[in-house]
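The following dialogue works through the reading of a protein model, feature by feature. Please keep the structure in view throughout.

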Amino acid sequence: MLEKTFEPQAAEPRLYAQWEESGLFAPRTEGEAGAYSIVIPPPNVTGSLHIGHALNNTLQDILARYHRMKGKAVLWLPGTDHAGIATQMVVERQLGAAGNIGRRDMGRDAFIEKIWEWKAESGGTIVRQLRRLGASCDWSRERFTLDEGLNAAVRKVFVQLHKEGLIYRDKRLVNWDPHFQTAISDLEVEQREMDGAYWHFAYPLADGVTYEHPVAFDEDGKAPEWETRDFIVVATTRPETMLGDTGVAVHPEDERYAGLVGKFVTLPIVGRRIPIVADDYADPTKGSGAVKITPAHDFNDFGVGKRAGLPSLNILDAFGRVTDADTPDVPSDYVGQDRFAARKAIVARAEEEGWLREIEKTKHVVPHGDRSGVVIEPWLTDQWYVDAKVLAQPALKAVEQGDTVFEPKSYEKIYFEWLRNIEPWCISRQLWWGHRIPAWYGPNGEIYVAETEEDAREQAMADYDSEVALTQDEDVLDTWFSSALWPFSTMGWPEKTEDLERFYPTSDLVTAADIIFFWVARMMMMGLHFMDGEVPFKRVIINGLVRDEKGQKMSKSKGNVIDPLGIIDELGADPLRFTMAILSGTRDIKLSKQRIEGYRNFGTKLWNAARFSQMNEARRVEGFDPATVEQTINRWIRGELTKAERAVSDAIEGGRFDDAAGALYRFVWNVFCDWYLELAKPVFQGSDEAAKAETRAMTAWTLDQTLKLLHPVMPFITEELWAELGKEGPARETLLIGAEWPVLPDAFIDASAQSEIGWLVDLIGEIRGLRAEMNVPPSAKPPLAFVAPDAVTAERIARHRDLILTLGRVSEVGSADAAPTGAVTFVSGASTVALSLAGVIDLTVERARLEKEIAAFDSDIGHVNKKLGNPNFVSRAAPDVVEEQRAKLAEAEAGKAKLQAALARLSEIG
């Protein structure tokens with residue numbers, strides 16, 4: 001007999017160990033019904049399981065377990081990412097906390113050795129945590145983006161792209177982190193709103209030039225007042241960058257400055273003569289309409305500089321300090337100053353010398369490094385780039401023609417938008433931990449790109465008569481570069497392996513919207529280029545973002561983070577997984593612990609149903625054939641199960657995990673537990689031995705099929721029940737994870753049984769709803785009468801009289817030519833049914849109760865309507881707050897309508 005409750009804390013580790021020992025996580029090698037493959041989005045090796053991982057990996061595991069049960073050879077390939085900057089930061093902090101020397105004092109080789117030591121000790125944390133979630137990955141194939149096989153793949157790709165002219169070295173602007181002294185990707189940049197200012201500077205015009213500038217405007221927008229100026233005003237939020245200004249831009253159609261285009265200003269402090277240029281980037285409606293141009297320190301300015309032929313002058317070093325390497329005209333007083341100290345000094349000098357015209361306080365968004373927390377600097381530096389525009393074209397075409405599809409399809413727009421406007425991809429990072437760039441420099445600056453140093457030396461011999469010293473590039477590759485190769489490099493490329501033959505291209509990719517361009521698009525580009533034009537995956541399923549119950553983003557500072565490991569410790573993995581699945585159909589998933597607890601109750605309901613079945617001797621029977629059952633309830637549940645199987649299978653195949661979970665919930669809770677087992681009770685307790693034996697066998701068979709359907713979503717509790725229920729009846733041939741997915745024939749849906757039991761369920765549901773609506777005491781058993789029932793209904797009444805009496809809690813079930821006095825009527829099927837309530841409820845008290853509750857709803861409706869009728873509230877409140885009020889209004893109006901219907905029913909009684 002089953003224990004009273006399922007104890008996940010004890011069962012889950014034991015069950016997971018059984019799965020691993022069974023070898024069923026690995027792809028089957030014989031008798032497979034095709035192949036299914038999926039590669040895990042590799043979490044950072046530094047990471048711990050967060051709620052986003054829980055969502056993403058639950059959905060992947062549902063797919064893997066489902067296709068495995070469908071008989072396919074399933075490869076769910078796991079691994080972790082070396083996470084260059086994150087890992088380097090973790091180890092540097094550890095060294096500092098232990099009082100050790102820094103990495104620069106330690107040296108590159110010794111520092112990298114320390115990181116490998118850290119990985120061996122702590123780098124497997126998230127992999128262990130994924131096991132706790134129930135992830136059925138093939139751990140024997142686990143990969144790491146810095147393992148030797150992936151190293152070889154990365155070097156080969158780099159060298160080949162370089163030979164094709166698609167990787168090159170260039171001097172361009174990058175996001176520069178002065179703390180780590182490295183370029184970082186846009187994904188590693190965090191935009192923070194901060195208090196700041198626009199400093200308005202008057203740059204003097206050179207060569208004695210003056211012009212007339214409007215200082216007032218009339219109603220028609222014309223300027224009646226002008227003043228003669230020998231300066232032009234520009235505004236900036238970063239005064240320190242003026243040291244690198246090489247131009248001032250105005251809009252080509254801005255009449256105020258038309259005569260100044262081609263003239264020059266003298267840059268204060270440095271005395272540099274810089275031109276005034278015309279460019280559409282300048283906005284005549286903002287500020288003075290004139291903007292200072294610092295091509296080496298602003299992405300927009302870099303573009304203006306390119307178009308106007310302005311030089312790019314770096315005025316900051318890698319640490320964010322002022323340098324005169326490019327600008328010998330910068331006074332020595334500023335050289336070596338931190339950028340923010342230089343800002344203060346420049347503003348003070350502008351004020352002292354009179355060219356500071358205004359300080360305009362503002363709030364603005366400032367980019368910060370997500371790891372370092374320091375302000376990111378657009379910085380001009382030599383880096384390695386991929387010509388992404390060329391690689392993007394096949395990737396665009398593949399999705400346009402349907403070789404790869406997105407689910408939901410709307411996410412294709414993000415993919416297309418990025419690829420159609422793609423910029424060169426900066427792939428070099430000034431770090432030590434990562435794939436070191438396979439490029440070597442000769443004595444005269446020649447660059448030799450090769451897979452090995454030996455190959456590079458052979459290239460160098462063509463330029464020199466003898467061997468020369470070569471120095472390898474100090475930089476490493478962007479982490480996303482190796483991740484872009486993940487679908488094929490993890491399967492052994494560049495070797496021609498059996499895994500590539502069987503499992504590439506992969507079937508699905510499940511990932512988040514925020515890395516469609518950083519990862520998905522790049523995998524498409526690399527896969528198509530290196531795998532003979534084959535896409536890396538046939539479908540991309542985008543999961544939503546998990547937020548708190550109010551729709552707020554989770555953050556430690558807000559204290560609203562839900563820790564999945566804490567949930568698993570307390571409630572088990574299954575309730576968390578089911579919640580993730582059933583809520584997965586929205587872009588923003590509102591999650592609360594209470595929701596998860598609710599789905600723990602769902603597991604408890606299933607467990608109790610299995611206990612009830614055992615107590616009623618519902619055991620599996622050797623050779624039982626559900627096609628031969630005769631009892632109406634058994635033919636009905638067979639059809640309901642078949643419909644549930646169709647719904648769950650179609651939903652999982654379509655990547656609609658919420659629909660699959662919803663179908664499972666409805667079948668298990670509403671159909672099997674609430675109705676079938678209730679309807680089976682009288683059979684179990686009756687004297688018809690044949691009906692009893694059939695219903696027991698049918699109950700056990702249905703429970704088995706239910707466990708199979710639910711297993712991909714709730715693997716632990718279903719596996720435990722499979723084992724426990726398997727102790728009686730014929731021996732199990734396999735663990736549930738390896739069982740065959742039920743595929744039930746259309747003939748299992750019996751129209752007559754569906755109609756009859758559907759009628760019975762609707763009837764009892766109406767009686768129960770009416771009792772609740774009219775506040776009938778639970779102990780009361782009013783009589784029920786069918787008004788002039790037809791022959792079919794009369795036969796049904798006769799067959800199910802006892803069930804109607806018991807489940808409807810009525811004293812009798814009769815028939816009448818007309819509804820009795822004092823009865824409330826409702827329609828069931830083709831008949832009118834009357835429930836006699838006169839004398840059962842106090843009409844005066846009940847009428848007063850309903851009127852009071854209707855008045856409360858009226859008050860709520862009025863209050864919400866007042867809010868929603870206020871334009872200021874609707875326009876200023878957060879969208880989710882407005883939506884919450886609208887939902888509250890709809891709920892109140894529905895509640896009021898229901899009570900009004902009940903009040904109307906009272907008038908039927910008298």
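Q: In what order do the four strands of the open sheet with β28 and β31 stand?

A: Strands of a sheet pair through backbone hydrogen bonds, either parallel or antiparallel. Here strands are DSSP runs (E, at least two residues), as helices are (H or I, at least four), both numbered from the N terminus, and two strands pair if DSSP finds at least two bridges between them. The order is β29-β28-β31-β30, with mixed pairing. Because β29 (813-816) and β30 (823-828) each have a single partner strand, they stand at the edges, and one side of each is left without a neighbour in the sheet. On average, neighbouring strands of this sheet are turned by 30 degrees against each other, direction ignored. Such angles use axes fitted to C-alpha atoms, for helices over the stretch in contact; angles run from 0 to 180 degrees between N-to-C directions.

Q: Which helix packs on this sheet?

A: Contact means heavy atoms within 4.5 Å. Helix α24 (residues 751-773) touches β28, β30 and β31, and its direction makes about 150 degrees with that of β30. Within the sheet, β28 (residues 784-787) and β31 (residues 831-836) run antiparallel and are joined by four bridges; Leu784 stands opposite Leu835 in β31.

Q: What kind of model is this, and how are its residues numbered?

A: The model is predicted: local features need pLDDT of at least 70 and side-chain atom pairs count only at pLDDT 80 or more, while totals for chains, interfaces and linings use all residues. Residues are numbered from 1 along each chain as its sequence is written, and side-chain values use heavy atoms, with hydrogens and water left out.

Q: How many helices and strands does the protein chain contain?

A: The protein chain has 28 helices and 31 strands. Its C-alpha atoms fill a box of roughly 110 × 80 × 55 Å along the principal axes. Among contacts with a separation of 6 or more, 78% are between residues 24 or more positions apart.

Q: Which strands pair with β5?

A: Strand β5 (residues 167-177) pairs with β16 (residues 377-386) in the antiparallel sense over ten bridges, and Arg169 stands opposite Trp384 in β16. Three bridges also join β5 to β6 (residues 182-184), again antiparallel. There Asp177 stands opposite Thr182. Four residues lie between the strands of this hairpin, in which Gln181 takes a positive phi near 55 degrees.

Q: How many aromatic pairs are there?

A: Rings of Phe, Tyr and Trp (its six-membered ring) pair if their centres lie within 6.5 Å; planes under 30 degrees apart count as stacked, over 60 as edge-to-face and the rest as tilted. The count comes to 35 aromatic pairs. One of them is edge-to-face because the rings of Phe111 and Trp432 have centres 5.9 Å apart and planes at 65 degrees. Phe111 lies in helix α5 (residues 108-122) and Trp432 in the loop between β19 (428-429) and β20 (439-441), so the pair ties together parts 321 residues apart in sequence. Both Phe111 and Trp432 are buried.

Q: Which rings form a cluster?

A: Ring pairs link Phe578, Tyr599, Phe602, Tyr665 and Trp669 into a cluster.

Key:
Buried < 20%, exposed > 50% of the residue type's maximum accessible area, 1.4 Å probe, protein only.
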